[in-house]
Amino acid sequence: MTTAPLTFKGHPVPYIAAWSSEHLPEPAVVRVPDGIGLLRYPRDSAGVSWKPWALRQGDGTPEYGFVHGPRQRRAMRRQLCQVCGGPADVNEQGVLWLLEDSRGVPGWPEREVTTHPPVCLPCAPLPVRLCPHMENAVAVRVGRVVVDGVYGRLYAAGLGGPVPGEKKVVFADDPRVKWIYGGQLAATLMNVTVVDLPELRSARLPVL
Ligand SMILES: [Zn+2]
């Protein structure tokens, strides 16, 4: 199945990018007995508070710098392409993902943790062209994906209420997931093989 990404003024807009009409007012973060909660928005069954978003893909203008949480999480759970939202490419080596090239780091890319969902073959060159931090991306095939992390702002207990700290990934078995204001899901990649993808090479060619 091929799914074409939405476009805006002739440019593809990734499935996980937010649109201007999808922002909602930030809810108040409140203290609850075992962590934080949000006013008017219940936590999920694991006790995670998720940043709320409206679902109005294609409405307004695209905001390439903002990841739309619910679509990112859907793509992670269902292994959908981050660009078009269709099924990610899979072969006998596994599902196709793009990672920032960290060859030289011992052990990389086994057990790499990422918030970027996988891609399908036709869309693979697009993140390399569109996202500055993916400029040196490499393609990998992933045999086993465990979606076990929450990326967001970690809060701590404070005298006057919860105190915001750093943004980070907290894993599902860590009690601090109840202290995070979650934005995206993070996946741990296992059985990872770096592959040569001709489509990526052509994406790096200068535009004439
Ligand atoms: Zn795609």
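Valine 146 has threonine 188 as its bridge partner in strand 13. Strands and helices here are DSSP runs (strands E, at least two residues; helices H or I, at least four), numbered from the N terminus. Two strands count as paired if DSSP finds at least two bridges between them.

Before going further, a word on the model: it is predicted, local features need pLDDT of at least 70, side-chain atom pairs count only at pLDDT 80 or more, and totals for chains, interfaces and linings use all residues. Residues are numbered from 1 along each chain as its sequence is written.

| Strand | Bridges to strand 13 | Direction |
|---|---|---|
| Strand 6 | Two bridges | Parallel |
| Strand 10 (residues 112-114) | Three bridges | Antiparallel |

Serine 49, for its part, stands opposite tyrosine 181 in strand 13.

**Helix 1 and its cover**

Helix 1 (residues 69-78) has Gly69, Arg71, Gln72, Arg73, Ala75 and Met76 buried. Buried means 20 or more other C-beta atoms within 10 Å of the residue's own; exposed means 12 or fewer, and partly exposed lies in between, with C-beta atoms placed from the backbone. After the helix comes glutamine 79, with a positive phi near 55°.

**The nonpolar core**

A nonpolar core is a set of buried Ala, Val, Leu, Ile, Met, Phe, Trp, Tyr and Cys residues joined through C-beta atoms within 7 Å. The largest one has 49 residues, and Cys81, Trp97, Val119, Cys123, Val150 and Ile180 have the most contacts inside it. Elements that give two or more residues to this core include helix 1, helix 2 (125-130), strand 11 and strand 13. Strand 11 supplies the largest share, nine residues.

Leaving aside residues up to four places away in sequence, cysteine 123 touches Pro5, Cys81, Val83 and Cys84. Contact means that the C-beta atoms, placed from the backbone, lie within 7 Å.

**Valine 90**

Proline 118 is 28 residues from valine 90 in sequence, and the two are 9.8 Å apart in space, C-alpha to C-alpha.

Key:
Contact = placed C-beta atoms within 7 Å.
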